[in-house]
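Colleague: I am new to this structure. Please take me through a single part of it, closely and step by step.

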Amino acid sequence: MKDMSVRSDFPIMDRLIHDKPLTYLDSAATSQKPAVVIDALADFYRNNNANVHRGIYTLSEESTLAYETARVKVANFINAGSEEQIIFTRNTTESLNLIAYAWGRDNIKEGDEILITPMEHHSNMIPWMLLCKEIGCKLKYISINEDGTLDLSNLDELISENTKIVSLTHMSNVLGTINPIKQIIEKANKAGALSVIDGAQGAPHLPVDVIDLDVDLYAFSAHKMLGPTGVGVLYGKEKILSAMSPFLGGGEMIDEVYEDRFTTKEAPWKFEAGTPNFADVAAFGVAIDYLDDIGMDNVRQHEIDITQYALDQVRKIDRDITVFGPKNLDIRGGVLAFDFPGVHPHDVAQMMDWDGVQIRAGHHCAQPLMRRLGVSATARASFYIYNNQEDVDRFIDSLKKGGEFFGDASR
Ligand code: C6P
């Protein structure tokens, strides 16, 4: 496996956990940050801090430039036609809620259908459930196969004239499944439904080209792709954003305000009410530069390599460990959720913590998927650019040690 040689860029990797080297395997939850991003944030507060879009003075101009330059970088990163198609939100969750609230309330009527999948994160379920509760629309599901891929055999029947939104995840945060979103978007678009992609696990790990995908709306979070917390992105086609009502109201999003009415700015600013998270957005721009320098094809290749290695090593362990999701790395990302027989996932995660191995255990905000898998929770390791073969080896050693520790109970 080719090492990405970027590990030393991440100061946290020098940390010891219980006197052991840090083995961070929870990047699906949030990524670590390179020094350039951490420094950019501190530097912004030290040298450029002022509110954006307000002042005629130098500091505010610098701050506005950093904020708007980040927008251009994000647009280029996903090949959006223009930076005006990039809305900054707080996270993927807020981006998806924005769609449900602003587009949904204007366009969804009683009896309309919204098509999602059972592998969605709660963030791509609850906003639609709230909308359906309020308006009386119906949530429908594409089924999943045993191997964790989508069953698209009846997609033509599922997408009907009643379907108004088709929304699904680019990559599952539990199964690692990379969904054939281009094919599904094409069907949704043909049927006149709004195509929405939850890119929380897509944008950090896969090359994304929104023009090639022809997707209407694509949402993701900065904190999962080396950027700071508190910044989300919503990309949208120009005609959709310009027709869409505002989400939150207040300062920054208006053009003119009278005692009885107001006009809004154009998109994307009409969706960015209040003081935006400009310092973190500026630092996010540096994270995008960093990923651009590496190249998303290289990010993807590294994750294929490391995940293949991890899957091979797990299979060699003399236990009936179930790894969820597809085996084929062409359609799987760097997520490895597993069941260790006889041991609760929380115990697995706790035991690994003693060895400095940081993995997540729980339902991963995907309770309906857990039910389909017949488990209440799973343990999950997830990889990113700073992980190397040694991380996987430490993970495997810890897993084996755990097997011995729990002894017969785990058989
Ligand atoms: N998944 C995980 O450990 P936010 O919290 O808004 O940045 O991202 C929400 C979200 C939406 N969709 C998918 C597919 C996701 O994986 C996530 C976040 C984390 O898997 C936290 S639960």
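This is a predicted model: local features need pLDDT of at least 70, side-chain atom pairs count only at pLDDT 80 or more; totals for chains, interfaces and linings use all residues.

Modeller: The assignment gives domain 1 as 7-27 + 295-410. Domain 2 is 48-293. Taken over C-alpha atoms, the centres of domain 1 and domain 2 are 29 Å apart.

Now to the interface. On one side, 33 residues of domain 1 take part, in contact with 32 residues of domain 2. Between them, the two domains bury about 2600 Å². Carbon and sulfur atoms carry 63% of that area. In domain 1, three residues lose the most area to domain 2: Met296, Leu369 and Tyr384. Together they make up 24% of what the domain 1 side buries.

Which elements of domain 1 are involved? Helix H10 (296-316), strand S14 (335-339) and helix H12 (367-373) each give two or more residues to the side that touches domain 2. H12 gives the largest share, six residues.

Last, the classes. The side of domain 1 that touches domain 2 has 18 nonpolar residues. Seven polar and eight charged residues are also part of that side.

Terms used. Residues are numbered from 1 along each chain as its sequence is written. Side-chain values use heavy atoms; hydrogens and water are left out. Domain bounds come from an automatic or database domain assignment. Contact means heavy atoms within 4.5 Å. Buried area is the accessible area (1.4 Å probe) that two parts lose on being put together, summed over both. Helices (H or I, at least four residues) and strands (E, at least two) are DSSP runs, numbered from the N terminus. Ala, Val, Leu, Ile, Met, Phe, Trp, Tyr, Cys and Pro count as nonpolar, Asp, Glu, Lys and Arg as charged, and the others, Gly among them, as polar.
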